[in-house]
Amino acid sequence: MRITNRQTRVGHPKFEWSFPCDFCIIIDTRENDALFKRPVKGLKVVRDKLDTGDYSIRGFENSITIERKSVSDLYMSLGRERDNFVRRIERMGRMERTYLLIEGIEDDVLSFQPFSQLHPNVVRSSLASIEVKTSVKIHFGFPRKDAERWVIDV
């Protein structure tokens, strides 16, 4: 992937993404409210079933994955659905490049949430455990366009 720089009419540089013709982001068919609702010039995005994660790159589905969580989904995954989430993280940990993208600001994610009885220290220690025990890297992305940009950059 290459970034090109073109001058705009007012003299400010305008950056545009340039992708190889076969570069394709895959969004899992089960992913609700997926990123990339608006087309990105030159980027091919398709919906397909992924065995692990919510996003990957065509041809690298078994080695690169991104699992995306909203704050409420993260709290549910670390609470009531913990066993299932741990299995998913373990599967991700066997892959070459794996990421957990949390759609929220870190300070907000690690604060008391009115919709959950889960203590923020449980969330903090669970996320630290994921990073220490697995190859899964954690990224906080907010707002949506920043999360989309980060997925492309990875």
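Tutor: A polar contact is a pair of N or O atoms within 3.5 Å; within protein, one must be able to donate a hydrogen and the other to accept it, and residues adjacent in sequence count only if both atoms are side-chain atoms. The model is predicted, so local features need pLDDT of at least 70 and side-chain atom pairs count only at pLDDT 80 or more, while totals for chains, interfaces and linings use all residues. Residues are numbered from 1 along each chain as its sequence is written, and side-chain values use heavy atoms, with hydrogens and water left out.

Student: What makes the pair D28 and R30 a polar contact?

Tutor: Their side chains approach to 2.8 Å, and the limit is 3.5 Å.

Student: Why is D28 called buried?

Tutor: Buried means under 20% relative accessible area, exposed over 50%, and partly exposed in between (1.4 Å probe, protein chains only). D28 has 1% relative accessibility and therefore counts as buried.

Student: How do you know that the buried residues of α4 lie on the same side?

Tutor: The buried residues of α4 are P120, V123, S126, L127 and I130. They cover an arc of only 125° around the axis (taken from the directions from the helix axis to the C-beta atoms), which puts them on the same side of α4. On the other side, V132 and K133 are exposed.

Student: What makes β7 a partner of both β6 and β8?

Tutor: Two strands pair if DSSP finds at least two bridges between them. β6 and β7 have seven bridges in the parallel sense, and β7 and β8 have five, also parallel.

Notes. Helices (H or I, at least four residues) and strands (E, at least two) are DSSP runs, numbered from the N terminus.
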